[in-house]
Amino acid sequence: MAIKRLICVSTRGGAALHQQCGPLPGWDVCTVSTLREAGEVLAAQPYLVGLLLDLPGAGTTGELDQFLRRHCRMQWIGVPAPALLQDAAWRSLILDHLCDFHTPPLDRERLRHTLGHAHGWAELRSRGARTADDSIATIHGQSPAIAVLRAQIRKVASVNAPVLIWGESGSGKELAAHAVHAHSPRAKGPFVPINCGALPAGLIQSELFGHERGAFTGAARDKAGLIESAAGGTIFLDEIGDLPKESQSNLLRFLQERTILRVGATREIAVDARVIAASHINLKQAVAQGNFREDLYYRLNVFPIEVPPLRERKDDLPHLADLFFHQYAADKGAHVKGFSSHALRAMQRHDWPGNVRELINCVRRAMVLADGALITPADLNLPSPDIAAGVDGLADSRVRAERDAICVSLANAGKNVSRAARDLGVSRMTLYRLLAKHNITV
Ligand SMILES: Nc1ncnc2c1ncn2[C@@H]1O[C@H](COP(=O)(O)OP(=O)(O)OP(=O)(O)O)[C@@H](O)[C@H]1O
Ligand SMILES: [Mg+2]
């Protein structure tokens with residue numbers, strides 16, 4: 001039976017969970033005592049189901065409401081104090097965010113049934129999301145740099161050895177890691193991402209390698225680690241440079257022996273999981289500075305892959321901008337039809353220190369802010385290329401803007417002149433006249 005993972009927020013710790021719910025066979029439970037801690041755990045690893053064991057008897061709903069909005073893809077079950085059900089704000093929070101609630105004293109059998117049911121739903125939903133993610137695993141772009149990246153990914157995907165991905169922030173490291181997994185024979189197995197920099201230092205050892213019951217205070221039962229949960233698939237260790245030294249040694253042992261030792265255990269467990277690691281810092285430098293184990297670096301660096309920064313593949317900008325424009329089309333005003341040629345030129349001039357992530361943010365913001373049909377450099381918060389290159393005459397700018405608007409409308413209308421004319425707010429005859437004026441053939 002596959003182990004299901006549950007995160008439980010209980011202000012009174014793991015003992016309260018055991019006391020109220022009894023044993024939860026088949027569940028691997030991570031208990032945290034605050035929403036902040038829960039947020040940290042969830043930022044580093046995905047869970048499908050969460051249990052809010054003791055919703056308070058008083059206080060406001062604000063913090064919990066925000067937390068549940070952030071983690072709305074999970075299924076949440078709550079155990080509210082009965083007094084809360086008298087309060088309208090808490091009632092609507094329960095209705096909005098929880099898939100079920102129980103009141104104390106708990107009917108353990110019913111709780112176990114609800115948890116299983118919630119897990120089943122969440123898994124179905126996440127499978128749907130994963131199919132969408134698979135298309136995200138497509139690395140877009142036709143530039144030579146991206147062609148090299150794709151070729152490297154294809155080559156390393158079929159091998160079982162570790163991969164070390166290096167690239168600037170926001171350049172697409174996680175996307176590349178996902179692509180390696182998706183093209184590998186392990187594609188049907190789990191892809192378990194974990195951000196080594198986001199996990200609290202005290203938790204990382206037991207999160208990665210698991211622990212035995214009683215290994216430390218709060219370890220109420222045995223717990224499998226993330227590496228075990230990636231069995232048959234791939235574990236993606238993001239920001240590996242942040243891994244504490246102790247965990248570096250254990251990871252090295254795993255890479256050499258293919259076995260792990262849970263915290264507090266004496267027996268090794270064999271695990272078949274492929275490791276992909278990523279870092280935005282230069283790990284070789286970290287080795288030289290004594291912050292990263294040299295032997296681990298060489299073990300990981302069997303297949304190094306470098307994701308090129310966006311400024312080295314500016315040929316891809318128009319395509320990527322267009323891709324994100326359509327990906328986030330639901331957020332834009334209906335009048336926004338595309339990018340002006342000025343905006344495209346401004347993008348070419350910008351260096352994109354935040355890489356693709358910066359481009360996505362820039363495009364999304366512009367789509368919301370644009371007043372006109374075409375996004376301008378100002379909407380993108382980029383300097384207009386004209387300012388740098390000398391201002392064109394107003395008449396020239398008008399002509400160019402008119403031509404841009406016509407081209408974009410025609411493209412959006414699938415070259416249907418009647419529809420394009422309607423979008424532009426002119427008659428068909430006027431549009432034909434403008435097509436002739438600008439020498440545009442349909
Ligand atoms: N070539 C690409 N085609 C399409 N989308 C891309 C491409 N490269 C990156 N992205 C998108 O850009 C965003 C950032 O990519 P990703 O998270 O993989 O970068 P990262 O290098 O891991 O970033 P960070 O350093 O912040 O962790 C994601 O939404 C990703 O889908
Ligand atoms: Mg990343």
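Student: Does Tyr 297 count as buried or exposed?

Tutor: Tyr 297 counts as buried, because its relative accessibility is 10%, and the term buried means under 20% relative accessible area, with exposed for over 50% and partly exposed in between, using a 1.4 Å probe and protein chains only. Please keep in mind that this is a predicted model, in which local features need pLDDT of at least 70 and side-chain atom pairs count only at pLDDT 80 or more, while totals for chains, interfaces and linings use all residues. Residues are numbered from 1 along each chain as its sequence is written, chains are lettered from A and ligands numbered from 1 in the order in which they are written, and side-chain values use heavy atoms, with hydrogens and water left out.

Student: OK, and Tyr 298, what is its relative accessible area?

Tutor: Tyr 298 has a relative accessible area of 48%, which means that it is partly exposed.

Student: How many aromatic pairs are there, and why is the pair of Tyr 297 and Tyr 298 called what it is?

Tutor: The structure holds 4 aromatic pairs. The ring centres of Tyr 297 and Tyr 298 are 5.1 Å apart and the planes stand at 70°, so this pair is edge-to-face. For the cut-offs, rings of Phe, Tyr and Trp (its six-membered ring) pair if their centres lie within 6.5 Å, and planes under 30 degrees apart count as stacked, over 60 as edge-to-face and the rest as tilted.

Student: New topic, which residues come nearest to ligand 1?

Tutor: There are 17 residues around ligand 1, and those that come nearest are His 140, Gly 170, Lys 173, Leu 175 and Arg 357; a residue is near a molecule if one of its heavy atoms lies within 4 Å of it. By class, this shell has 8 nonpolar, 5 polar and 4 charged residues, where Ala, Val, Leu, Ile, Met, Phe, Trp, Tyr, Cys and Pro count as nonpolar, Asp, Glu, Lys and Arg as charged, and the others, Gly among them, as polar.

Student: What is 2.9 Å from an oxygen atom of ligand 1?

Tutor: That is a polar side-chain atom of Arg 357. Backbone atoms take part as well, with a polar one of Gly 172 at 3.0 Å from a ligand oxygen and a polar one of Glu 174 at 3.1 Å from a ligand oxygen. The protein covers 84% of the 630 Å² of accessible area that ligand 1 has on its own, with areas coming from the Shrake-Rupley method with a 1.4 Å probe.

Student: What sits over the ring of Trp 27?

Tutor: The charged end of Lys 4 does, at 5.2 Å from the ring centre; the test is that NZ of Lys or CZ of Arg is within 6 Å of the ring centre and within 35 degrees of the ring normal.

Student: And Trp 352, what is its phi?

Tutor: Trp 352 has a positive phi of about 55° although it is not a glycine. Its place is in the loop between helix 14 (341-349) and helix 15, and Trp 352 is buried, with a relative accessible area of 0%.

Student: Which peptide bond is cis?

Tutor: The bond from Pro 104 to Pro 105 is cis, with omega near -5°, and Pro 105 is found in the loop between strand 5 (100-101) and helix 5 (108-136).

Student: Last one, how many helices and strands does the protein have?

Tutor: The secondary structure comes to 19 helices and 14 strands, and of the 442 residues of the protein, 46% count as buried. The C-alpha atoms fill a box of roughly 80 × 60 × 35 Å, taken along the principal axes.

Definitions and conventions:
A polar contact is a pair of N or O atoms within 3.5 Å; within protein, one must be able to donate a hydrogen and the other to accept it, and residues adjacent in sequence count only if both atoms are side-chain atoms. Helices (H or I, at least four residues) and strands (E, at least two) are DSSP runs, numbered from the N terminus.
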